[in-house]
Amino acid sequence: MIKGVERVVSEAMKATLKNPRESAFMAKFALSSKAASKKRRAAEDTGEHIPPFLIASITSECNLHCAGCYSRCNHATVDTEAVTQLTGEEWLGIFDEADKLGVSFILLAGGEPLLRRDIIEAAGKKPDILFPIFTNGTFIDARYFELFDKCRNLVPIMSIEGERKTTDNRRGSGIYDKLVSSMDELKKRGLVFGVSVTVTTENYREVTSDAFLQSLSERGCKAVIFVEYVPVTDESTKLAPTDTERDYLEQEIARLRSEKDEMVYISFPGDEKTSDGCLAAGRGFFHINSHGGAEPCPFSPYSDVNVKSIGLREAMRSPLFTALRSGGLLKEKHKGGCILFEKRELVQKLIASGTK
């Protein structure tokens, strides 16, 4: 996993070579990342495993109703934010602890994370951690452009499904044009950004095509994160990539990495093959929901502890996480998407039994 982090940082440095300010930030972050790796290695030597990544869903509120959204199906995303969610101060405390433990990346998600400007601003104060912000892009405004310029550790990752028709069909009319407009402004300001692409049986060729990726590169995109669609209903199973689509995606990403290094390419869960299985439950990352619940991953919304009361270090030792890491479940073969979603009944049984 450490090698994987170093690869991402190295590729990010290559992708920003033509941008002096961004290149300078990435060089500085590379040093911070190495220091964080040393912290994690030292912890490992004492029998404590610290993952390099966290995923933080800082709000449950979202303004879009994307077709097949796993988060809405799990009721983790709603139209109006709940009053029991963590405050900005509580999230800053989590970021502080993560920094001390040696966490290098915290992926900010939701709901729509840009609705919580207070938390985004708090993240900007932690320059040793890189915060990719997974956003639908509809709330990026002048103030956010200024914040991204000031705090280079905040990197917007905008969700896109392919070209205009494919994106608008899933996310809503006019979303594609809004994304493109934001990309153009980010490029104009010399700001780094990336995109997140949900890969399905319907768009896998479109989103890996040279035409689509070239259009992103020309607009200044520096990272493409391919996320395999996880079915949330029996009807949506047909959208989940099969072995055929996954093999194609793997081959294309390998080609892109060797031929087009102007962008970083990350595949989830495809890249897990080099890490001997699923990286959830603290092996490589875990998820904190908007109420503070520590979950194996966003696709497995089950929790037996809350970081609000016990903090990150103790959350990583939760009975559920410990059982998942010590058992063979995370290394089992599965149909694709998320092994823990596929085996969700077993995960629920572990919690019900107290994992004893």
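How many helices and strands are there in the protein chain?

## Overall fold

The protein chain has 14 helices and nine strands; these are DSSP runs, H or I over at least four residues for helices and E over at least two for strands, numbered from the N terminus. The radius of gyration is 19 Å, close to the 21 Å of the globule rule for 356 residues, so the chain is as compact as a globular protein of that length. The radius is taken over C-alpha atoms, and the rule is 2.2 Å times the number of residues to the power 0.38.

This is a predicted model: local features need pLDDT of at least 70, side-chain atom pairs count only at pLDDT 80 or more, and totals for chains, interfaces and linings use all residues. Residues are numbered from 1 along each chain as its sequence is written, and side-chain values use heavy atoms, without hydrogens or water.

## Core

Buried residues (under 20% relative accessible area, 1.4 Å probe, protein chains only) make up 56% of the 356 residues. The largest nonpolar core has 103 residues. Such a core is a set of buried Ala, Val, Leu, Ile, Met, Phe, Trp, Tyr and Cys residues joined through side-chain atoms within 4.5 Å.

F226 is among the residues with the most contacts inside this core. Beyond its neighbours within four places in sequence, F226 is in contact (heavy atoms within 4.5 Å) with residues including V197, L213, L249 and F268.

Most residues other than glycine have a negative phi, and most peptide bonds are trans. The G110 to G111 bond is cis, with omega near 10 degrees. G111 lies in the loop between strand 2 (105-109) and helix 5 (117-123).

A281 has a positive phi, near 60 degrees. A281 sits in the loop between strand 7 (264-268) and strand 8 (287-288), and is buried at 0% relative accessible area.

Technical notes
Buried means under 20% relative accessible area, exposed over 50%, partly exposed in between (1.4 Å probe, protein chains only).
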